[in-house]
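Here is a short tour of a protein model for someone who likes to know the cut-offs behind each term. Please keep the structure open in your viewer as you read.

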Amino acid sequence: MQQLLTKLSKHNYIEWHRTSGDIVTDLFWTHLINIEILRAFPHVLIMDCTYKTNTYYFPLLQIVGVIYTNMTFSVAYTYMNAEKEDNYTWTLIALRSLLDDNCFLGVIVTD
């Protein structure tokens, strides 16, 4: 985990994480370029979570946006320790903190 956090920092990613003792329970990351695109096209966000596809069985939440040509772009990712309301709330608060006060998300689509 220390190696991953170091690489994210080295390559100018924005990351937040929550811990329980010394264990990272949730990890949110994105790149500034993704946030700049989101600020330009904040109309539609699509969120989907995969689970049981990695060694630790942590769900991976991928957030993508849609631009005016109907193409998608990556906005952010979160490894969560569980698919619970608290984890989604924490992720959305982290994402919202990266946006300007004048940037309002239009629609969030999820399953």
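Strands β1 and β2 pair in the antiparallel sense over eight bridges. Strands here are DSSP runs of E with at least two residues, helices are runs of H or I with at least four, and both are numbered from the N terminus. Two strands count as paired if DSSP finds at least two bridges between them. This is a predicted model, in which local features need pLDDT of at least 70 and side-chain atom pairs count only at pLDDT 80 or more, while totals for chains, interfaces and linings use all residues. Residues are numbered from 1 along each chain as its sequence is written, and side-chain values use heavy atoms, with hydrogens and water left out.

**The sheet**

Leucine 27 has tyrosine 79 in β5 as its bridge partner, and tryptophan 29 stands opposite tyrosine 77 of β5.

Buried means under 20% relative accessible area, exposed means over 50%, and partly exposed lies in between (1.4 Å probe, protein chains only).

In what order do the six strands of the open sheet run? The order is β1-β2-β5-β4-β3-β6, with mixed pairing. The edge strands are β1 and β6, each of which pairs on one side only. Neighbouring strands of this sheet are turned by 20° against each other on average, direction ignored. Helix α1 (residues 2–10) packs on the sheet and touches β1 and β2, where contact means heavy atoms within 4.5 Å. The direction of α1 makes about 155° with that of β1; axes are lines fitted to C-alpha atoms, for helices over the stretch in contact, and angles run from 0 to 180 degrees between N-to-C directions.

**Salt bridges**

A salt bridge is a side-chain nitrogen of Lys or Arg within 4 Å of a carboxyl oxygen of Asp or Glu.

| Arginine 18 | Aspartate 26 | 3.0 Å |

Arginine 18 is partly exposed at 21% relative accessible area, and aspartate 86 is partly exposed at 49%. Aspartate 26, in contrast, is buried, with a relative accessible area of 2%.

Arginine 39 lies in helix α2 (residues 32–40) and aspartate 100 in the loop between α3 and β6 (107–110), so the pair ties together parts that are 61 residues apart in sequence. Arginine 39 is partly exposed at 34%, and aspartate 100 is partly exposed at 40%. Through shared partners, salt bridges join Arg18, Asp26 and Asp86 into one network.

**On the surface**

Which residues form a nonpolar patch on the surface? They are Ile46, Val107 and Val109, with about 210 Å² of accessible area together. Patches are made of residues with over 30% relative accessible area and no salt bridge; nonpolar side chains (Val, Leu, Ile, Met, Phe, Trp, Tyr) are joined within 5 Å, like charges within 9 Å. The areas come from the Shrake-Rupley method with a 1.4 Å probe, and for residues only the protein chains shown count as cover. Isoleucine 46 lies in strand β3 (residues 44–50) and is partly exposed at 31% relative accessibility.

Asparagine 12, in the loop between α1 and β1, has a positive phi of about 65° although it is not a glycine. Asparagine 70, in the loop between β4 (60–66) and β5, has a positive phi near 65°. Asparagine 12 counts as exposed at 55% relative accessibility, and asparagine 70 counts as exposed at 67%.
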